[in-house]
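Here is my short note on this structure. The points below are in reading order.

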Amino acid sequence: MNIQFKKGILEYCVLSILKEKDCYGYELVNDISMHMAISEGTIYPLLRRLKNDHLVSTYLQESNDGPPRKYYQLTQVGIDTQEKYNQEWMDFQLSVNKICNPNKGV
Amino acid sequence: MTKIVYLERLKKYLAQLPTDDIEEILEDVNEHFDIGISNARMEEDISEALGSPKEMAFNLLSQYKTRTRKGLNVVEAIKSWFAFISIGFSNLILLPLFVSIAALVGSFFICIGAFMLSGILLVFSPILKQVAPSIISTGNLPLFSLPLIGILLIAASIKLNKYMVIGSQKLYRYALKFSKSHLFVLNYFKKEI
């Protein structure tokens, strides 16, 4: 998959996963790389940016094995942004399909 | 690459960021390694999947750059206006000066060219006299003196030309300095902003 595609869409994916459940970094990386070939290192800078922009917040939680883990959680701004991306993605997908596969009928 | 090496390299590349931010990033990556290790993954594999520390640092640093550019407080806005005005002022005063001097220099060159041309014509005037007697009028001067005057004119215009070239080179250098001073002002304020 084209790397520029991935970069833009990764933020949407991360927000969407976090909307379902709070995650620690490793879990998030795992969830995404299960479906997409990404450089795992791109997730952490992204999380940092989301945190600085107040789309996510963090908290520590004890784990059964090993030290406590840092969980990422969507803020209200994050939830709103995810919903905005949802709509934008739908529209975008439709437009792209209309342009690239005009005969298939969408 | 082992966890320790990865974290050390990442820390080195991030040196320009605030210490708190570096700490937080390193903690995240450290946790990532630890959980990976507890899931029976090799440190080498984990760092491979993460991509190079340089890449990750580049990703992080580029975010900070765009963020600082986004925020512009009052002081910075005033500073940017000051830069704009000072450059505008120098353009208003100095630029017309440069343009008029350059135009003057250009017209001097044209004059010198005209001198040169008339000198050449004078040198060849005895021949022209033979070809078309009606266009050459020597007045009271003997015909043989005209080529001499022509040679003097050519010599004078070559000399003049030399000075003009030196002068215009100086002007060019000043114009360059002038443009560079703009860049300097811009760079100075960019650093601030």
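Predicted model: local features only at pLDDT ≥ 70, side-chain atom pairs only at ≥ 80, totals over all residues.

1. L94(B) sits in helix α5 of chain B, which covers residues 74-123.

2. Now the layout of chain A. The chain has 4 helices and 3 strands. Along the sequence they run α-β-α-α-β-β-α.

3. Confidence in chain A comes next. Its pLDDT averages 87, and 92% of the residues score at least 70. Which elements mark the two ends of the range? Helix α1 (residues 3-20) of chain A has the lowest mean pLDDT, 85. Strand β3 (residues 69-74) of chain A has the highest, 94.

4. Packing of chain A. Of its 106 residues, 39% are buried. Take contacts between residues at least 6 apart in sequence: 46% of them join residues at least 24 apart. The chain exposes about 6300 Å², with 54% of that supplied by carbon and sulfur atoms.

5. Finally, helix α4 of chain A. It spans residues 76-100, 25 residues in total. From first C-alpha to last it reaches 36 Å, close to the 36 Å expected at 1.5 Å a residue. Which residues of α4(A) are buried? They are G78(A), T81(A) and Q82(A). An α-helix has 3.6 residues a turn, so residues three or four places apart point the same way.

Key:
Residues numbered from 1 in each chain as written. Chains lettered and ligands numbered in written order. Heavy atoms only, no water. Expected span 1.5 Å × (residues − 1). Buried < 20%, exposed > 50% of the residue type's maximum accessible area, 1.4 Å probe, protein only. pLDDT = per-residue confidence, 0-100. Contact = heavy atoms within 4.5 Å. Areas by Shrake-Rupley, 256 points an atom, 1.4 Å probe, with all protein chains shown as cover.
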